[in-house]
Amino acid sequence: MNNEYINPSNIYSDQPQPEPVRKLASTVGVLGAISILTCFVLPVVIPAITGGMSIILACLSRAKHQRMLPSARRGVMLAVIGLCINGAVCGFSAAAAYRIYNDPAAMQQFREQLKDNYGIDADELFNDPWAESSGGTL
């Protein structure tokens, strides 16, 4: 009987042992999915960590194989999509903040929306309460 899973020192030699590469490939898929799911909830940090780890683990899951397992390839695709979405969310946020602070009309519109939605003036919201009590210095 020619079975690659038989180990003479193992009393359970008739049962195939799980292959670590398959477990690693399924972990890659889970991390890739987490990177997409957290793009809008916790942008920047969590998607970058899980997406990066997914790509690194996918490279490690190849081991002696010529090609990656399909679940590892799927995980890498999900991780790349998650990293792209994360970059787009961060880029659009930075562009919006730049526009608000450098365009007087956009800043006025921001102040009006803040007043209408929350009933707070922007100067009151961004005013430092500690600066008034300490004589204007932090």
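This note covers the fold, core, surface patch and cysteines of the structure above.

1. Basis. The model is predicted, with local features needing pLDDT of at least 70 and side-chain atom pairs counted only at pLDDT 80 or more, while totals for chains, interfaces and linings use all residues. Numbering runs from 1 along each chain as its sequence is written, and side-chain values use heavy atoms, with hydrogens and water left out.

2. Fold. The chain has six helices and zero strands, in the order α-α-α-α-α-α along the sequence. Elements are DSSP runs numbered from the N terminus: helices are H or I of at least four residues, strands E of at least two. Among contacts in the chain with a separation of 6 or more, 56% join residues 24 or more positions apart; contact means heavy atoms within 4.5 Å.

3. Of the 138 residues, 20% count as buried. The cut-offs are under 20% relative accessible area for buried, over 50% for exposed and partly exposed in between (1.4 Å probe, protein chains only). The chain exposes about 10200 Å², of which carbon and sulfur atoms supply 63%. Areas are by the Shrake-Rupley method with a 1.4 Å probe; for residues, only the protein chains shown count as cover.

4. Core. The largest nonpolar core consists of five residues: Val28, Leu31, Leu57, Ala58 and Val76. Such a core is a set of buried Ala, Val, Leu, Ile, Met, Phe, Trp, Tyr and Cys residues joined through side-chain atoms within 4.5 Å. Helices α1 and α2 are the elements that give two or more residues to this core. Beyond four places in sequence, Ala58 touches Val28, Met68, Ala72 and Val76.

5. Ser61. This serine lies in helix α2 and counts as buried because its relative accessibility is 4%. Apart from neighbours within four places in sequence, Ser61 is in contact with Val21, Leu24, Ala25 and Ala72.

6. Surface patch. A nonpolar patch with about 900 Å² of accessible area together includes Val30, Phe40 and Met53. Patch residues have over 30% relative accessible area and no salt bridge, and nonpolar side chains (Val, Leu, Ile, Met, Phe, Trp, Tyr) are joined within 5 Å. A salt bridge is a side-chain nitrogen of Lys or Arg within 4 Å of a carboxyl oxygen of Asp or Glu. The elements giving two or more residues to the patch are α1 (20-37) and α2 (45-61); α2 gives the most, with four residues. Val30 is found in α1.

7. Cysteines. The disulfide count is zero, a disulfide being a pair of cysteine sulfur atoms within 2.5 Å. The closest cysteine sulfur to that of Cys39 is in Cys90, at 8.7 Å, too far for a bond. Cys39 counts as buried because its relative accessibility is 0%.

Notes. Patches are made of residues with over 30% relative accessible area and no salt bridge: like charges are joined within 9 Å, nonpolar side chains (Val, Leu, Ile, Met, Phe, Trp, Tyr) within 5 Å.
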